[in-house]
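Load the model in your viewer and follow the stops below. Keep the selection tool at hand.

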Amino acid sequence: MSMLDVEDLNVWFGDGRDRVDAVKSASFTVAAGESFGLVGESGSGKSTILRAITGLARNWSGRISIDGASLSGAKRDRSFYKTVQMVFQDPYASLHPRHTVDQVLGETLHLHGFRDIDARVAKLLDDVGLGNRFRFRYPHQLSGGQRQRVAIARALAGEPDILLLDEPTSALDVSVQAEILNLLTDLRDARQLTFVMVSHDLAVVGHMCDRLAVMKDGEVVEIMGVETLRNHQAIHPYSAALLEASVVG
Amino acid sequence: MSGSQTLRGWLLTDAPTSRRHARLASLYKGWLSLRSNTMAMFGLGILVLLLLTAAFAPVLAPYSWLAQDLGNRLQPLGTEGHLLGTDSLGRDILSRLIYGSRITLYIVALVALIAPIVGLLVGTVAGYAGGWVDVVLMRTTDIFLAFPRLVLALAFVAALGAGIENAVLAISLTAWPPYARIARAETLTIRSSDYIAAIRLQGAGPLRIITKHIWPLCISSLIVRVTLDMAGIILAAAGLGFLGLGAQPPSPEWGAMISEGRRFILDHWWVATMPGLAIFTVSLAFNLLGDGLRDLLDPKDGGQ
């Protein structure tokens with residue numbers, strides 16, 4: 001059964017003459033437990049789809065349903081935040097500069113209505129491979145990879161079923177990227193998460209995802225299995241060119 | 001020695017072990033960087049002296065601020081028993097300055113509490129809510145900003161009646177718009193950042209986002225602005241006192257003292273000059289401290 005259903009999704013910014021259509025008539029479904037990739041060049045609208053799902057992009061039309069329940073407008077209810085969480089692209093921008101790791105996770109847990117916050121913060125830090133000694137540090141006392149681990153811990157705090165990953169490794173060093181990707185794979189196995197992963201890095205998507213959608217200029221041009229990606233059997237000329245361009249050696 | 005070394009190490013650790021430890025460590029690091037700024041420490045020193053003077057005024061002052069001695073009026077500096085001379089009613093100027101520091105602190109503290117808080121509320125709500133709330137709040141702010149500050153304060157005092165409390169109220173009412181502007185500008189940049197989006201995705205409401213996530217980032221720039229404004233506030237209070245609309249005689253408010261001394265300024269210059277020097281010193285101290293705090297608290301440095 002499908003966990004996330006996107007049908008004929010349009011997202012736009014601005015009105016009238018200033019209107020920019022960021023996503024045009026995109027449709028795809030993600031099954032429970034699946035890892036789905038959205039690839040495309042910068043500005044192809046892949047991140048915008050995630051922002052529309054989470055209600056951060058207000059203007060959209062079409063149908064988005066989570067586990068069978070349709071969403072509308074930009075308002076999301078508490079059960080949505082319990083089901084869907086997002087990891088942002090830049091860990092340097094997604095953590096409050098004046099909040100310690102403990103405050104970030106503690107507040108998130110409080111918002112999700114948990115009581116045993118102390119124990120859960122320790123558990124979360126442990127789950128993402130950060131020890132308790134990082135607990136009372138400020139973001140500026142952490143490296144990029146450590147910050148992204150905190151951001152992942154925050155996304156996992158509410159025990160969601162779906163994790164939206166907005167280029168979670170593109171702001172990190174190559175060596176750290178692999179660590180974060182492995183962490184995400186492990187967490188997905190441990191918690192049976194459904195992933196929707198945005199990336200412009202086909203190697204990352206090929207490693208992480210079961211299926212992927214190729215986007216160009218706001219449109220989904222092709223949806224393929226990861227085997228097709230690995231065997232270079234893309235049908236659409238754009239996705240074929242994209243695959244061709246990404247093969248280095 | 002080793003005890004203080006370990007305390008220092010404990011405070012400078014980059015892996016704090018508890019919430020209290022983390023807070024103390026970041027305070028201590030701020031203090032260290034403030035301490036390395038000589039001018040700011042100079043300003044802070046003067047302000048601490050002012051606080052102590054105000055607290056121990058009855059002990060420090062050689063005479064009562066009310067004690068008149070008409071046979072001994074308008075004595076120059078360094079007269080036996082009157083270090084800074086006496087005024088037109090033979091009152092010891094030094095004693096009056098010492099007692100006057102209480103009034104100065106009182107005015108400064110009240111204005112510093114009212115104006116930035118009103119400004120912060122108006123600015124962050126306008127910036128976060130946007131739309132018509134923003135328009136209504138910011139145009140109101142513009143109207144207040146369009147008036148010359150002292151003239152508006154004069155109008156308020158004239159309407160409310162002369163006196164220190166009303167002077168404070170009038171100054172606060174004219175001082176909040178710049179704070180609202182700053183707070184709104186900060187809010188506009190903060191509200192679109194990823195960490196605000198992230199906490200919204202956890203289901204946080206606007207009230208929590210404004211008070212717990214936006215305020216902490218606005219407050220540092222407001223604190224800096226307050227300390228830089230302090231000189232202006234003291235001068236506005238002194239100005240109202242000078243015009244006879246602030247503190248009333250025989251209150252030893254510094255501006256009122258200058259106003260009284262004005263009549264003798266050609267023959268007995270110290271009567272007006274001494275309270276003027278006091279205002280100058282305290283204003284300077286606030287400016288120096290404000291400059292140091294700006295270096296310390298600027299959120300663009302990320303508190304490093």
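This is a predicted model: local features need pLDDT of at least 70, side-chain atom pairs count only at pLDDT 80 or more; totals for chains, interfaces and linings use all residues.

Select the contact residues: 27 come from chain A and 24 from chain B. Stay on the chain A side. Three elements there each supply at least two residues: helix H2 (78–83), strand E6 (84–87) and helix H3 (101–111). Which of them gives the largest share of this side? Highlight H3(A), which provides three residues. Now colour the chain A side by class.

Next, move to the hairpin in chain A. Select strand E1 (residues 2–13) and strand E2 (residues 20–31) of chain A. The two run antiparallel, joined by eight bridges. For one pairing, pick A:Leu4 and look across to E2(A): the bridge partner is A:Val30. Then follow the chain into the turn. Six residues lie between E1(A) and E2(A). Stop at A:Gly14 in that turn, where phi is positive, at about 80 degrees.

Now switch to chain B. An unreviewed UniProt entry annotates residues 39–66, 103–130, 150–176, 222–248 and 268–290 of chain B as "transmembrane region". Select two of these spans in turn.

- Residues 103–130 of chain B: the span is 96% helix and 0% strand, with end C-alpha atoms 40 Å apart.
- Residues 268–290 of chain B: here the chain is 91% helix and 0% strand, and 35 Å separates the end C-alpha atoms.

To finish, show both chains again and return to the contact, with its 27 residues from chain A and 24 from chain B.

Methods. Residues are numbered from 1 along each chain as its sequence is written. Chains are lettered from A and ligands numbered from 1 in the order in which they are written. UniProt positions are given in the numbering used here, feature names are shortened, and annotations may be inferred rather than shown by experiment. Helices (H or I, at least four residues) and strands (E, at least two) are DSSP runs, numbered from the N terminus. Two residues are in contact if their C-beta atoms, placed from the backbone, lie within 7 Å. Two strands pair if DSSP finds at least two bridges between them.
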